[in-house]
Amino acid sequence: LRDEIDGLLEQGADGIVLDLRGNGGGLLSEAVLVGSVFIEDGLIVSTKGRTKPERKYEAVGEAIDEDIPVVVLVDRGTASAAEIVSGAIKDRGRGQVIGTRTFGKGVFQEIQPLSNGGLLDITVGQYFLPNGENIGNKGVQPDVKARDDVETERDEALPTALDTLIEQSER
């Protein structure tokens, strides 16, 4: 992702639209790495479980310049690690989130091997955004609401994101 963004910036891009619509997420470690592309330092996410102590995940590496405006597009299909990224960008004031509320997966799992060779995927804890909020069942709320109309194939979110980037660039 960082290589792609650097390439776009070298070609003259003035801002970044990160489209996480329909992104079901992935690994927590990847969410921290993607968030770190935009957030220079500090908290990306923390986790807690009944039998697990709190763990804080800080930004790693070198982020893109803070003067480059960032907008994140989200929808109900944005979940898990993609919610961590969008929530961290929003909570840390690094960019605006546009679209509809996200899925609301505020938990994480671990896989336990079974004696019969099978695997058991167990929910072992919750994750919390930088503001301390767990988004379970409520999702990340967008700063600007805009939706995609699947029936008419009209995308309200992308034009709204581009207008937002223009406004931020002019400040």
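Predicted model: local features only at pLDDT ≥ 70, side-chain atom pairs only at ≥ 80, totals over all residues.
1. Strand E2 is joined to strand E7 (residues 119-128) by three bridges, and the two run antiparallel.

2. E6 and E7 form a hairpin, with five residues between the two strands. Gly117 sits in the turn and has a positive phi of about 95 degrees.

3. A separate point concerns the open sheet, in which four strands are arranged in the order E1-E4-E5-E8 with parallel pairing. Strand E1 (16-19) and strand E8 (144-145) are at the edges and have a single partner strand each, so one side of each is left without a neighbour in the sheet.

4. Inside that order, strand E4 (residues 70-74) and strand E5 (residues 96-99) run parallel and are joined by four bridges. Val74 has Gly99 as its bridge partner in E5. As background, strands of a sheet pair through backbone hydrogen bonds, either parallel or antiparallel.

5. The count of salt bridges comes to seven. One of them is between Arg21 and Asp155, with the closest N and O atoms 2.9 Å apart. Arg21 lies in the loop between E1 and H2, while Asp155 belongs to strand E10 (residues 154-155), so this pair ties together parts that are 134 residues apart in sequence. Asp155 has a relative accessible area of 27% and is therefore partly exposed.

6. Another salt bridge is formed by the side chains of Glu110 and Lys52, at 3.0 Å from N to O. Glu110 is in strand E6 and Lys52 is in the loop between E2 and strand E3 (55-58), so the contact ties together parts that are 58 residues apart in sequence. Both ends are partly exposed: Glu110 has 27% relative accessibility, and Lys52 has a relative accessible area of 31%.

7. Lys138 and Glu133 also meet through their side chains in a salt bridge, at 3.2 Å from N to O. Lys138 is partly exposed, with a relative accessible area of 38%. Glu133 counts as partly exposed as well, at 31% relative accessibility. Elsewhere, salt bridges that share partners join Asp19, Arg21 and Asp155 into one network.

8. Which residues gather in a patch of negative charge on the surface? They are Glu40, Asp41, Glu58, Glu62, Asp65, Glu66 and Asp67. Asp41 is found in the loop between helix H2 (28-38) and strand E2 (43-48). Is Asp41 exposed or partly exposed? Asp41 counts as partly exposed because its relative accessibility is 49%, and the exposed class begins over 50%.

Methods. Residues numbered from 1 in each chain as written. Heavy atoms only, no water. Patch = residues over 30% accessible without salt bridge, like charges linked within 9 Å, V, L, I, M, F, W, Y side chains within 5 Å. Areas by Shrake-Rupley, 256 points an atom, 1.4 Å probe, with all protein chains shown as cover. Salt bridge = Lys/Arg side-chain N within 4 Å of Asp/Glu carboxyl O. Lys, Arg positive; Asp, Glu negative; His and termini not counted. Charge placed at Lys NZ, Arg CZ, Asp CG, Glu CD. Buried < 20%, exposed > 50% of the residue type's maximum accessible area, 1.4 Å probe, protein only. Pairing = 2+ DSSP bridges.
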